[in-house]
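Me: I would like to learn how to read the helices, contacts and loops of a model with some care. Could you take me through one, giving the general idea before each case?

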2 protein chains.
Amino acid sequence: MPIPLSPLAPRSYPELPAIAGVRLAVADAGIRYKDRTDVLLVELAEGTSAAGVFTRSLTASAPVLACREALASGKARALVVNSGNSNAFTGSVGIKSVAHVVDKACALFGCKASEVYTASTGVIGERLPDDKITGILGEMAKSLSENAWQQAARAIMTTDTYPKMATRTASIGGVTVTLNGIAKGSGMIAPDMATMLAFVFTDAHIPASALQQMLSETNATTFNCVTVDGDTSTSDTLLLFATGKAKNPAGDYADFKRALHEVLHELALHVVKDGEGAEKLVAITVAGADSDKAARTIGMSIANSPLVKTALAASDANWGRIVMAVGKAGEKADRDKLMIKIGGVMIAKNGEADPAYREAQIAPHMQGRDIKIEVDVGIGAGKATVYTCDLTHAYIDINGSYRT
Amino acid sequence: MPIPLSPLAPRSYPELPAIAGVRLAVADAGIRYKDRTDVLLVELAEGTSAAGVFTRSLTASAPVLACREALASGKARALVVNSGNSNAFTGSVGIKSVAHVVDKACALFGCKASEVYTASTGVIGERLPDDKITGILGEMAKSLSENAWQQAARAIMTTDTYPKMATRTASIGGVTVTLNGIAKGSGMIAPDMATMLAFVFTDAHIPASALQQMLSETNATTFNCVTVDGDTSTSDTLLLFATGKAKNPAGDYADFKRALHEVLHELALHVVKDGEGAEKLVAITVAGADSDKAARTIGMSIANSPLVKTALAASDANWGRIVMAVGKAGEKADRDKLMIKIGGVMIAKNGEADPAYREAQIAPHMQGRDIKIEVDVGIGAGKATVYTCDLTHAYIDINGSYRT
């Protein structure tokens with residue numbers, strides 16, 4: 001079944017500039033899809049440092065387990081990604097498949113296994129035909145290019161309807177560095193560490209430990225604050241590679257962290273905008289909670305509620321369902337101080353509907369593509385913003401036919 | 001929008017016998033629905049003891065708050081239920097609405113406010129037109145009957161497509177007692193104490209404390225083990241009334257508890273079978289968990305996964321999504337010992353697909369109405385069975401138009 005382009009897709013894609021020390025190649029290995037690319041190979045210059053966050057799923061995929069091990073080195077020379085098969089729940093055979101791919105990359109680039117990262121996305125529980133990947137890596141290594149960013153973003157797609165890219169620059173000690181990021185969605189999205197797959201590359205020179213700390217912190221307020229369907233993937237992987245080619249001095253990374261947050265935020269929003277069947281992007285801000293963590297929990301309770309999401313799909317301002325979702329979240333909330341706004345319009349306050357509120361006030365907002373929901377639970381100073389999409393018939397269609 | 005009868009509806013409804021000390025009446029108060037009954041009045045004989053469990057939602061409705069208070073008395077003389085408006089998130093006005101209804105019932109039956117219970121189900125956040133109820137209670141009291149059970153079950157329906165009833169007998173000290181139960185669903189179903197509304201009546205003579213203990217225990221493995229959409233209602237109410245008219249001696253309530261469990265189990269399954277848009281009833285048994293509680297959490301993670309539920313709607317044995325749902329549940333599971341069966345057929349064991357498994361083996365089972373999923377997570381002896389339904393286009397249709 002062809003999936004139509006998301007109505008929330010951007011009008012144009014950003015041009016991602018070359019990043020010194022990063023070369024990319026894509027190929028069609030025929031893992032599952034026909035007539036499209038499904039393997040991405042990235043060569044990283046010697047001296048590249050690495051950071052990563054992964055799914056907290058207890059049934060994490062073989063590539064996730066292998067990446068966690070490799071990351072102990074803090075170094076990277078290559079990344080191999082395939083779509084169409086997630087190599088999850090594939091037992092010892094799955095572990096061996098990763099090793100075959102890693103070994104091949106080591107031979108091509110003359111590096112150690114601890115410097116090679118792999119990621120796989122697609123169907124769970126089927127053996128990865130790793131020979132299809134190892135068989136073409138040699139050819140791919142000959143076609144590596146500094147400019148294949150959009151091709152790379154396309155090769156890692158599954159049910160995504162558009163490639164997801166973001167780029168920023170930042171200054172470290174007076175030296176300008178560049179960050180490029182690519183990501184994929186678009187179902188099984190409720191990142192518990194990172195979205196299914198996202199990769200960020202920079203020419204900045206930053207040690208792995210500092211890189212890891214910044215990645216973990218920015219991930220918490222970006223990928224970990226979006227949801228499509230509340231289903232956490234077995235394959236969530238977010239990797240950040242810094243080649244060091246910009247030769248910036250060590251020092252204050254505040255501006256780099258700002259740029260990193262912007263790249264991750266932009267990619268995370270793309271994942272929601274291209275959520276399976278999505279027709280609306282919904283931003284939910286929760287304030288007045290016991291803590292930021294509690295605010296995120298309440299926000300996610302609203303964002304994952306099928307009743308809230310089906311009402312949004314129908315452009316129905318059924319705010320009683322927001323009350324329900326606050327109530328079931330399990331975090332402290334003062335029912336008699338609860339405040340709800342949609343599209344900036346006060347709907348409920350002090351535990352009941354605002355007498356001045358008329359549904360016609362927000363009808364135009366509900367019909368739009370960008371929905372803003374604000375909730376204050378009247379307990380403390382905790383705050384969080386989470387993003388989700390609506391639940392439409394297309395979600396059911398896409399997920400009833402995913403394997404056929 | 002008329003909602004078609006659930007394909008999982010029973011071929012016929014049970015005939016509920018009269019229960020000494022219980023009389024019922026229904027009426028059309030025009031609260032929201034047109035041309036159907038929406039109020040139920042139940043008169044309970046003097047000496048009736050009561051037990052109840054309610055939603056744990058922090059935004060519980062006004063009737064739930066009032067029932068919790070009344071239950072301290074352990075006694076009951078009347079129950080008033082309305083559909084069409086849940087009187088939830090209605091502030092101090094909502095509390096007053098309950099008081100008006102309770103006062104009217106007290107006047108009719110010459111009882112105390114602590115002996116009157118009310119329940120409301122329907123739209124959240126709109127003021128209950130309590131005068132419509134108080135205005136007809138007097139007339140209703142004149143038409144009370146021992147035999148209006150099916151009418152009672154119909155009057156409390158919202159998006160339900162059929163009335164839900166169950167009856168059993170039990171023996172206490174050689175005396176036969178009868179239990180009748182009615183319930184309603186059918187969306188916002190993820191009971192955290194009880195389903196939206198369920199009422200059980202018996203002529204047994206049992207003190208309130210023993211009644212409460214049995215109700216809490218049997219509720220935990222019946223209503224608290226079903227889910228339609230993971231959205232916990234603000235109105236969940238399960239009440240059990242014992243008139244004492246059977247004049248059984250005090251003593252061993254084991255057989256009564258068995259019958260009570262059967263009534264609650266049957267009603268809970270009806271709630272799932274009539275879940276919004278449901279086309280399949282799905283039983284999920286989780287074994288080998290760290291505890292029974294952990295097994296229930298894992299079962300609910302599977303039962304609430306939109307990816308699992310959309311695959312089921314498409315009769316697709318996409319068991320990789322079961323792996324995902326086990327992984328995201330947050331409870332201990334040994335990925336390398338994980339076992340999955342569907343329809344009794346072994347699909348996965350020891351952390352990977354069973355080589356002998358062929359999808360054709362379970363295709364007929366997947367096409368059926370009754371789906372059985374068994375999972376063993378290989379950690380301990382914890383076990384639980386939970387019930388859910390599939391996620392179909394009708395769920396989206398029903399919930400996009402609920403208020404219109």
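Reply: Let us begin with helix length: the expected span of a helix is 1.5 Å times one less than its number of residues, where helices (H or I, at least four residues) and strands (E, at least two) are DSSP runs, numbered from the N terminus. This is a predicted model, in which local features need pLDDT of at least 70 and side-chain atom pairs count only at pLDDT 80 or more, whereas totals for chains, interfaces and linings use all residues. Residues are numbered from 1 along each chain as its sequence is written, chains are lettered from A and ligands numbered from 1 in the order in which they are written, and side-chain values use heavy atoms, with hydrogens and water left out.

Me: What span should the 20 residues of H6(B) have, and how far apart are its end C-alpha atoms?

Reply: At 1.5 Å a residue, the 20 residues of H6(B) should span 28 Å, and the end C-alpha atoms are 28 Å apart, which agrees.

Me: Which residues of H7(B) are buried, and what covers them?

Reply: Buried means under 20% relative accessible area, exposed over 50%, and partly exposed in between (1.4 Å probe, protein chains only). In H7(B), the buried residues are B:Ala294, B:Ala295, B:Ile298, B:Gly299, B:Met300, B:Ser301, B:Ile302 and B:Ala303. Their cover, where contact means heavy atoms within 4.5 Å, includes strand S10 (281-289), helix H8 (306-313), helix H9 (320-328), strand S14 (370-376) and strand S15 (382-389) of chain B. In H6(B), the buried residues include B:Phe256, B:Ala259, B:Leu260, B:Val263, B:Leu264 and B:Leu267.

Me: Where is the kink in helix H3 of chain B centred, and which residues of H3(B) are buried?

Reply: The bend at a residue is the angle between axes fitted to the seven residues ending there and the seven starting there. Helix H3 (residues 130-142) of chain B has a kink of about 35°, centred on B:Ile136. An α-helix has 3.6 residues a turn, so residues three or four places apart point the same way. The buried residues here are B:Asp130, B:Ile133, B:Thr134, B:Leu137 and B:Met140, and what covers them includes strand S1 (22-27), strand S2 (39-44), strand S4 (78-85) and helix H2 (91-109) of chain B. B:Met140 counts as buried at 2% relative accessibility, and, leaving aside residues up to four places away in sequence, B:Met140 touches B:Ala25, B:Val26, B:Ala27, B:Val39, B:Leu40 and B:Leu41. The C-alpha atoms of B:Met140 and B:Leu41 are separated by 7.1 Å, although these residues are 99 apart along the chain.

Me: At what angle do the axes of H11(A) and H11(B) cross?

Reply: Axes are lines fitted to C-alpha atoms, for helices over the stretch in contact, and angles run from 0 to 180 degrees between N-to-C directions. Angles under 35 degrees count as roughly parallel, over 145 as roughly antiparallel, 65 to 115 as roughly perpendicular and the rest as oblique. The axes of helix H11 (residues 393-400) of chain A and H11(B) come within 9 Å and cross at roughly 170°, and the two helices are therefore roughly antiparallel to each other. Their contact is made by A:His393, A:Ile396 and A:Asp397 on one side and B:His393, B:Ile396 and B:Asp397 on the other.

Me: How do the axes of H8(A) and H11(B) cross?

Reply: The axes of helix H8 (residues 306-313) of chain A and helix H11 (residues 393-400) of chain B come within 8 Å and cross at roughly 70°, which makes H8(A) roughly perpendicular to H11(B). A:Pro306, A:Leu307, A:Thr310 and A:Ala311 of H8(A) make the contact with B:Tyr395, B:Ile396, B:Asn399 and B:Gly400 of H11(B). A:Ala311 is buried, with a relative accessible area of 3%.

Me: Which phi does B:Phe89 have, and is B:Phe89 buried or exposed?

Reply: Most residues other than glycine have a negative phi, and most peptide bonds are trans. B:Phe89, however, has a positive phi of about 60° although it is not a glycine; B:Phe89 is found in the loop between S4 and H2 of chain B and is buried, with a relative accessible area of 1%. B:Lys247 also has a positive phi, of about 55°, but B:Lys247 counts as exposed at 70% relative accessibility.
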